[in-house]
Amino acid sequence: EVVLPLELEDYRRDFVDSFLGNYYRIDELALNVNAHLLQRVNLLGSIAYTKADFGQFKKPVVRDSNGNQLAVDVNTNRSDDIIRANLAAAVSIYRFVGVTVGYILENTDSNYQLRISDRLTDDASYTRHAIYASVNLRY
């Protein structure tokens, strides 16, 4: 028997304190799926899209070791598009012991870049891959 409930989580909007621009607003939509197979295996999957808009901020003033002001080029209206996906399998070995293995993908596409004297010093776009495992004890 395979049970496959598809769960569309509610749309979420939140405001979070941030060092950059004092705050950012997130709008997130997520989809979760959970399949229970053979009374021992549970497959979990999720995907989420998040839009993060940062508050506008002033360009920083950067000086070299001699006190000379350097040219700073930065986008002061930062906006990030974030996609997260998670896939995991949980297996019950005995009634009180189980194992979970999973994979997480997170991709952030950001328009934020900081250039000082035509040299890129910070870029907020990245892709992260993570593999994890755990031993689960139940009582």
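1. In this predicted model, strand 7 and strand 8 (residues 97–110) run antiparallel to each other and are paired over 13 bridges. The two strands form a hairpin, with four residues between them. One of the bridges can be traced by name: V91 has V99 as its bridge partner in strand 8.

2. Strand 7 (residues 79–92) also pairs with strand 5, again in the antiparallel sense and over 13 bridges.

3. Q39 belongs to the loop between strand 4 and strand 5 (41–54). Is Q39 buried or exposed? Its relative accessible area is 71%, and Q39 is therefore exposed, the cut-off being over 50%. In sequence, Q39 and V91 are 52 residues apart, yet their C-alpha atoms are 9.2 Å apart in space.

4. D27 is part of strand 4 (residues 22–37). Its relative accessibility is 11%, so D27 counts as buried; the limit for this class is under 20%. The side chain of D27 makes a polar contact, at 3.4 Å, with the side chain of R25. When neighbours within four places in sequence are set aside, the residues in contact with D27 are Y11, R12, R13, Y49, T50 and K51.

5. Which residues make up the largest nonpolar core? This core has seven residues in all: F57, V72, V74, Y112, L114, I116 and A124. Strand 6 (72–74) and strand 9 (113–116) are the elements that give two or more residues to it. As general background, nonpolar side chains in soluble globular proteins tend to be buried together.

6. Y94 and F96 form a stacked pair, with 6.5 Å from centre to centre and 25° between the planes. The pair counts as stacked because its planes are under 30 degrees apart. Y94 has a relative accessibility of 56% and so counts as exposed.

7. A further ring is involved in a charge placement. R78 lies over the face of F54, and the distance from the ring centre is 4.2 Å.

Notes:
Residues are numbered from 1 along each chain as its sequence is written. This is a predicted model: local features need pLDDT of at least 70, side-chain atom pairs count only at pLDDT 80 or more; totals for chains, interfaces and linings use all residues. Side-chain values use heavy atoms; hydrogens and water are left out. Buried means under 20% relative accessible area, exposed over 50%, partly exposed in between (1.4 Å probe, protein chains only). A polar contact is a pair of N or O atoms within 3.5 Å; within protein, one must be able to donate a hydrogen and the other to accept it, and residues adjacent in sequence count only if both atoms are side-chain atoms. Contact means heavy atoms within 4.5 Å. Rings of Phe, Tyr and Trp (its six-membered ring) pair if their centres lie within 6.5 Å; planes under 30 degrees apart count as stacked, over 60 as edge-to-face and the rest as tilted. A charge sits over a ring if NZ of Lys or CZ of Arg is within 6 Å of the ring centre and within 35 degrees of the ring normal. A nonpolar core is a set of buried Ala, Val, Leu, Ile, Met, Phe, Trp, Tyr and Cys residues joined through side-chain atoms within 4.5 Å. Two strands pair if DSSP finds at least two bridges between them.
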